[in-house]
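Dear colleague,

I am passing a structure on to you, and I would be glad if you could look through it before reading my notes. What I found follows below it.

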Amino acid sequence: MNRNLSQRHNICLADDQKTMKRIEIALKRSKELDQTLMMDQASKDFEYETCKNEMWNPERFSLLYKTWIWEQATPDQKVKLNQLFWIAYYSQIISAEIATIFFNQTSAAALYGMEDFRVVCDTLDLESAQERAHIHAFKTVSEKFEQEVFGERIFSYPMRTPFEKTMLFSDLGDFKQWIRKWQLQAFTAISANSAFVGCQYFTVRGLRTLNGKIVQHQLSRYYTEHQDKDNAPIPSKISYYHFIDESFHFNTSTVVSHDVINSLPKPSKIESIIGNMALHGCQKDHYNFSTAINGIFWYDPALYQTVYKLMRSKVFNMNHQDALEAIRKSFCEESEGMLASYKTHRESVDSYKAYLQDFHYINKENKELTLMASNNLEKHLKTNRRAFESFKKKAA
């Protein structure tokens, strides 16, 4: 492997003029349409009082949409559930963007040591700066909202390293989480020393961003279709600014993972194994789908305690028994909301397959998304029901 890597320092991206041109154009357009200043101004201007009675997303993008809890909610409670979708969704995006900032830099470390790859590294530097603005805006809104409405954190969290949970609500126990942390640390060292593994990271990032585009385009339309854009809720403006930036980030992922990687020699056997392990990890992260939040692949039972806290809060004001019954009816019975989340999960499987079809180093299990595609509605309900019985005993 060391011999193979040393040879790569002689590779010049300039030899591939078509790819070089695509990256240069993408970087130029990304700079021209950079939303950082707009994002920063929006986060400065946000005051919950000015938009507390408005939805921030299209109605179907509300927490627990079309579940029993949603159907029983008052109009005011539905507004809060809509706002909570924004808070929950972008809290997960913060986790992803912390990782993006870090792995952009480790990947750039490997690429910058090669000839003429500066333009790729400059693109990643711009993206990392944009991600920091995104994180600041999402945290500002989320923390102000939760302090105002609940007086404590519900979905938000203090800043963390990229080695913490990738998925905020997952089925990883403490031991598996420790293993995942060790794997990420090992991947860090390898990606900073292998141009192929550094580029392959963008295959995984491309899948994650592709999933995000399915939802984020629809969230951004709430602002673009608003009748009075100047007075639209600031969180909806932030959704729009974020979508513009992320559209270019997805383009970068596609070019690096599909084209730049082909400017390198074929990967060694070890590099191919590492690449496939990373994709398998992505499949694990995206195996579940959440009844509570369409488009984020959270593990429903891990949400029970948070939803219980929400039901007992002043927003819903339920007693202990009613809160448990609300969770049972919403997570353990089939609903329109559950079906919508499952449909998004299936759409993601299909789009991931299309994204990966041209890669030669990817094994059959990853190309066909065997693990992720194996989940279904029956398994989802069985898991939720079994976990609820355990949760109910612990909550008694």
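Predicted model: local features only at pLDDT ≥ 70, side-chain atom pairs only at ≥ 80, totals over all residues.

Lys392 and Glu389 are three residues apart in helix α16 (residues 377–395), so about one helical turn separates them. Helices in these notes are DSSP runs of H or I with at least four residues, strands are runs of E with at least two, and both are numbered from the N terminus. Lys392 is partly exposed at a relative accessible area of 32%, and Glu389 is likewise partly exposed, at 37%; the terms mean under 20% relative accessible area for buried, over 50% for exposed and in between for partly exposed, with a 1.4 Å probe and protein chains only.

Residues are numbered from 1 along each chain as its sequence is written, and side-chain values use heavy atoms, with hydrogens and water left out.

On the salt bridges as a whole, the count by the rule above comes to 17. In general, side chains of opposite charge can pair when their charged atoms come close. One of these pairs is Glu47 with Lys144, whose closest N and O atoms are 3.7 Å apart. This pair links distant parts of the chain, since Glu47 sits in the loop between α3 (36–45) and α4 (68–72) and Lys144 in helix α6 (residues 118–149), 97 residues apart. Glu47 is partly exposed, with a relative accessible area of 43%, and Lys144 is also partly exposed, with 31%. Another salt bridge joins the side chains of Lys66 and Glu71, at 3.8 Å from N to O; Lys66 is partly exposed at 23% relative accessible area, and Glu71 is partly exposed at 42%.

Turning to the chain as a whole, the protein has 16 helices and zero strands. For 396 residues, a compact globule would have a radius of gyration near 21 Å, and the 22 Å of this chain agrees with that; the radius is taken over C-alpha atoms, and the globule rule is 2.2 Å times the number of residues to the power 0.38. Along the principal axes, the C-alpha atoms fill a box of roughly 70 × 45 × 30 Å. Of the 396 residues, 57% count as buried. Among contacts (heavy atoms within 4.5 Å) between residues at least 6 apart in sequence, 80% join residues at least 24 apart.

The accessible surface of the chain comes to about 17800 Å², of which 51% belongs to carbon and sulfur atoms; the areas come from the Shrake-Rupley method with a 1.4 Å probe, and for residues only the protein chains shown count as cover. There are 50 positive and 48 negative side chains, and the centres of the two sets lie 5 Å apart. Lys and Arg count as positive and Asp and Glu as negative, while His and the chain ends are not counted, and each charge is placed at NZ of Lys, CZ of Arg, CG of Asp or CD of Glu.

Thr67 is in the loop between α3 and α4 and counts as buried at 1% relative accessibility; leaving aside neighbours within four places in sequence, Thr67 is in contact with Thr291, Ser330 and Ser335. Gln185 lies in helix α7 (residues 174–191) and is partly exposed at 39%, and its C-alpha atom is separated by 7.2 Å from that of Phe163, 22 residues apart along the chain.

Finally, two residues other than glycine have a positive phi: Asn317, near 55°, and Leu369, near 50°. Asn317 is found in the loop between α11 (300–312) and α12 (320–331) and is exposed, with a relative accessible area of 62%. Leu369 lies in the loop between α14 (364–367) and α15 (370–373) and is buried, with a relative accessible area of 3%.

With kind regards

Definitions and conventions:
Salt bridge = Lys/Arg side-chain N within 4 Å of Asp/Glu carboxyl O.
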